[in-house]
Structure formats: C-alpha cells, structure tokens
Amino acid sequence: MRDTEEMENEVEFDEGEEPSFSDPEDFVDDISDQELLGDVLREKPQEADGIDSVIVVDNVPQVGPDRLEKLKNVIHKIFSKFGKITNEFYPEADGKTKGYIFLEYSIPSHAHEAVKNADGYKLDKQHTFRVNLFTDFDKYMTISDEWEPPEKQPFKDFNISVDQYKGSGSSVVKGNLRHWLEDPDCRDQYSVIYDSGEKTGIFSNDVKEPIEVEERARWTETYVRWSPKGTYLATFHQRGIALWGGEKFKQIQRFSHQGVQLIDFSPCERYVVTFSPLMDTKDDPQAIIIWDVLTGQKKRGFHCESSAHWPIFKWSPDGKFFARMTQDTLSIYETPSMGLLDKKSLKINGIKDFSWSPGDNIIAFWVPEDKDIPARVTLMQLPSRNEIRVRNLFNVVDCKLHWQKNGDYLCVKVDRTPKGTQGIVTNFEIFRMREKQVPVDVVEMKEGIIAFAWEPNGSRFAVLHGESPRINASFYHVKSNGKIDLIKMFDKQQANSIFWSPQGQFLVLAGLRSMNGALAFVDTSDCTMMNIAEHYMASDVEWDPTGRFVVTSVSWWSHKVDNAYWLWTFQGRLLQKNNKDRFCQLLWRPRPPSLLSQEQIKAIKKDLKKYSKIFEQKDRLSQSKASKELVDKRRTMMEEYRKYRESAMKMYQEQRPLRLELRGGVDTDDLDSNVDDWEEETIEFFINEEIIPIGDL
C-alpha cells in the first residue's frame, strides 16, 4: 500500500515527452572512471608500451648494402636464441650502417635476457657487442657528473628466486650460503651416503663423534658432489640435477637434463656442466649442457661421442675459458658467450692430452712422434695463444701431465724406450713455470712407476716405483738452484696410492683394495714414519680441507662387507670407527680460498705458540664440558626412567581390582599364587611308528 502511495505522489509527465536525465546543479559524481570502465582502461595504450622490449646493440660492424643481408643473418642468429624478434632497425648514413642497431622482442623478459647474456659478446677481434635496454638511456642521461661514494649497506640474507622444472611456479630460498665457515670450533662438514644409497647425511666433524647436521632419505638417486668452494651440494635425479645450500640445505637451483649421469663445476662455481646419453639429437645437441648456476639458464649444448674421459671440458682456473679435445683439434671457448675463442679452433695434428695450469691461463698439451718429427710438449698462453715453451722428446711411448697445485711446476711423466734396449725408462720432465724461459730439469727412473703426486703449496713430490713386494717410496725436492735432490727412499712399502695433506708436509701412503688397506703416515719435513696402521680392504682415503684429519673407508660399491669409515689424525692416531650399514661414499665439504695474504699467514705461523696455549685451554674446557654433559645426560635419563616406573606401578596397582574381577577372583599377579587350585593333567599322543625288518636270525 505504501509503495502505491509513493507512486501516486511521483511527478507525473506526459507520455509524449522525453524524461529529463540531467543531474541537479548540486549533484556530486563520486563514481570514478576506473569503476565504470575498468576493463576498457586496462587496455589503454601506455607511453612505454613496446619500449621495454627494445634493446640497443652497439659496436656492430659498419657495412654497405652488399654485406648488409649477411650481417642481418648473423645478428638474428645470435639474438634470436633469447626470444622472438618482432622488429629490426639498422640506421644508415652515407650508404653504410652506423654501427648500432635496434632490436624489438615480443616480450620485455626476452629483452632483459638478451642484455644479460649478449653484453660483451665478441663477434670478432674488432667488434665486441655492448647491449642495453632502450629504456636505460634516460637513466644514463640523468647520472650526475659528480661521483659520490656509495653508502655501506648492511648484510642481507641470500635471496634468490628458483624456477621449477617446468616453469610452473617459483620459490624463494633464504640463508647464508657459507654459514658453515662461521662455526666457532672450525669444524668441517662432510657428506655420507649409506644404506646402499637410500640415505644421505651431512655431518660436522668432531673428535669424539660426528654431529648430524642434516639427514634425508632418497636425497639422491646415485651419488652427490660438492662444488669446488663448498657452496653447493649437487644431487642426481632421473630428471636432472638439484643444487642445495644454506643452513638448512634448501634447494637453490634445478637443471632439467633427463638421464643425467655426470657433472662438473667451473672453478668459480658460476657454471655447471652435465652429461646425459639420452637427450642428444643431431639438430639439437644436448648430450653435454653448460648451465648458469645463478639463473638456472642453459648456456649452450654440445654433442658427445664418448664420456670415457670425463670431464670432457676442462676449465681455466678463473673460469673464463674452457676447452675440449677432439681428433687433431683443440677447441677453446670463452665465457659468458660460450663461443669459440677468436671464432676458430686450434689445429694440432695428433694431440693426445692437454691440461690447464691451476694458477694461470696456460694450457699444456703433448703430441706423439710422427715419422721423423719428435714428440713435443707445448705450453701455450691464453687468450693470446703464444707458445711460451716447447720441449721436444724422443722415443716416447706415453706422457702424463701433472701440475703442482699453485701452477709453480709442471711434471711431464715420459715413458720412453731408449734405442738398443727392450724395457721402458721413465723420465720426469720438471718445468719451472715461475722462472724466465721456463727451464726444464730431468729425473730418470728405470723402475716401473706406480704413482706420482706433487706436494700442495710446496716444491716436493713423491713417487711409488718398483714391483710388489719390493715397492719403494721416494721423496724429491726441487731446489731453487736448478737441482732436484732425492731426500729419502723407503723400501718394501705396501702401497699403491699417495695422498698428500691439502696443506702439504704430511702424506699417507696407502695400499688400497688389493693391498688390504695398509697405511703409512709420513712427515716429509724430516721424512719420518709417524705411524704404520691398517684398515682392512680400505677403498678410499680422504683428507679434510685443513689437513688435520684424514678418513679411510670401505665402500659398499667396491666391497660388500666391513663397510665403514674411520677417522684418523694427520699423525695416524685412530679417533673413530663409524660403521654405517652399506656405507657408500664420504666427501669432505671444500673450503673457499683463504682471504689472508701470504704475509698474514706467515705472521700467524710465527706466533703459533701464542695461539696454541689458547687452543689447548679450549680443548681442556671442551673435554670437561663433554664429561659434564655426559653425566648430566645419564642423570636425566635415570630420572626419566624412575618417573616412568613409578607411574607404571601406580597404574598397575589401580588396575588390580579389575584384573581380579575379570579372572573370577583368581590372583594371577604372582607366578606362584593359588598353587592349591592347580590341577595336573597328563596328555599322551602318538608321534610316529617305524618298522625296521631285522631278517632271519
């Protein structure tokens, strides 16, 4: 009724007139265009539309019309791998291109990828690309001419976005990737695979017992690998490789490579190389893939005929170059472009092996004899390709290249057959890399060589030579006056491997596998045997990064019983026997290079006695603390057991009436209760009957 009255009171108008929809003069419109036309405004063209997808490439060759089409094809091939190019513009003046070009991608992310990967790309000797986003020019134009030192920023947790295998999402990983170096007791970490590969654990090394940091089931499908500086732990899976790091070992990165079997890191940890025999095709090489660790992007793929000599690619010590050897060819690539150095490979007829210096961008390679041409060892400086030393060799059967850890020396082990003789003689050709013209000294040995190893950070080397049971261990010193002296020789050694401490001076002579795990701990400063021991059937020896401890182990992969790893001091004193069911692998976590200078390290060694008093006091405190902790732990366990026993007895007594009721008043709490009510019953039953004929008597 009320609605009817309101309708009757409304202003009436003639049906023939148009009603007025005008707003009153005092009307205020409070509805925005965004609310009314949001879907339309979202499609409104923006001022920067298209500009974010444009890059500017500088240092492009200036060519005329006759070479322009070829240049466009080369540029398109290089930049199209970062995304779809929708537009190209080559400015011209006086009939030639101006030396810079504009490329437009379909989406801005492809333009960003092109800037990140193509900036610094070396097209040839005269042209190295400089690539920038078009939108960056406004930023560069507004930079002040007056330089101001940047403000010191506080430390922030590592924060990196990790793309999933199929790009279906992302996760964020936080944490200090080098937290383990901040351990107040300087304990090193190591990884252990056991239970035939089902379990993987990370432990901190302690003199008394390992401290578990992390343990996971089926963390890897085959084995694990630490990166060269210990930042990442790599695990293997059917679909690819995963990198883990940080305090809780969160996943840092993934690389999708189906059926991956082998892995290798660049020394700088910026790149990782993976190998899979399943993915390679003729048009799309994917047997070997080089990845960018930080971005997770594939940098380049390569074909591979055989992985028998892994790693296929060998890296320069700074990670700027990597090289591979094929028949009569040595190919050297540079980063980050992943292209051939100077656009061409080296033609070296008959090249057999090569190796980078660990300290400099120098490659050593050797070539066997060819008719009247002698064999030769060549040292080549990179990227100039200058040959800094060539050594000719005669009657060569084989060569092996052994670099000292810092690149101060190169030993070329040369097996020769001198004319008129039947046997093989071995020469050690010692190249002094830090001296002018790289002089070479020679040590000749007429016995068979079993093992050779340089002292890290030193000028000594050890050799195992002879035949079992008369195997000799010889120690040599390369002196600065050009002489190589034999320091000491131990005869009748049970050894087939040499393991130097990472800091030098100490080593372990080990008779692995077939020699039943014989161990000899040697101090080479005065060539004394510190201890003789045995770890039966030991298959591996691993020094910790500091050279304080060494682990010997029996791997389930090589021997199916007695699987365990034992921890020793560098002097050969046994500290622990850790038995793990079907133990497979132990790897120490590497440490990055020290930030201290050589002068600072010398000063520390000089004042070592002052520090040793502090360390001894700390060791005594830790021992007393450990004893106190053990007593407290046992007291706590005893108290917990006492409380549990009291609660169980109380419950037992409370339930007694219920037991009597259920058993008809018969008390069964004691075995000897209610003896008078017992009844004895004898039961006989037939077991078997056997008839044996005796015959006529």
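Predicted model: local features only at pLDDT ≥ 70, side-chain atom pairs only at ≥ 80, totals over all residues.
Student: Which value does phi take at D94, and where does D94 lie?

Tutor: The phi of D94 is near 55°, again a positive value in a residue other than glycine, and D94 lies in the loop between β3 (92-93) and β4 (96-97). With a relative accessible area of 85%, D94 is exposed.

Student: What should I read from omega at the bond from W310 to P311?

Tutor: Omega is near 5° for that peptide bond, which is cis, and P311 is found in the loop between β19 (298-302) and β20 (314-315). A cis peptide bond also joins L382 and P383, with omega about 5°, and P383 sits in the loop between β27 (375-381) and β28 (386-393).

Student: Which residues make the nonpolar surface patch?

Tutor: F134, F137, Y140 and I143 make the patch, which covers about 380 Å². F134 is in the loop between β6 (130-133) and α6 (136-141), and it is partly exposed at a relative accessible area of 37%.

Student: How many cavities of 30 Å³ or more does the structure hold, and what lines the largest cavity?

Tutor: The structure holds 1 such cavity, and about 40 Å³ of space lies in the largest cavity. Its lining includes R656, R659, R663, D667 and D669, and by class the lining has 2 nonpolar, 1 polar and 5 charged residues.

Key:
Residues numbered from 1 in each chain as written. Heavy atoms only, no water. 1 Å grid on protein atoms, 1.4 Å probe; cavity = no way out; pocket = protein on both sides within 12 Å on 5 of 7 lines; lining within 4 Å. Points joined across faces, edges and corners; volume = space filled by probe spheres on them. Nonpolar A, V, L, I, M, F, W, Y, C, P; charged D, E, K, R; others polar. Patch = residues over 30% accessible without salt bridge, like charges linked within 9 Å, V, L, I, M, F, W, Y side chains within 5 Å. Areas by Shrake-Rupley, 256 points an atom, 1.4 Å probe, with all protein chains shown as cover. Salt bridge = Lys/Arg side-chain N within 4 Å of Asp/Glu carboxyl O. Helix = DSSP H or I, 4+ residues; strand = E, 2+ residues; numbered from the N terminus. Buried < 20%, exposed > 50% of the residue type's maximum accessible area, 1.4 Å probe, protein only.
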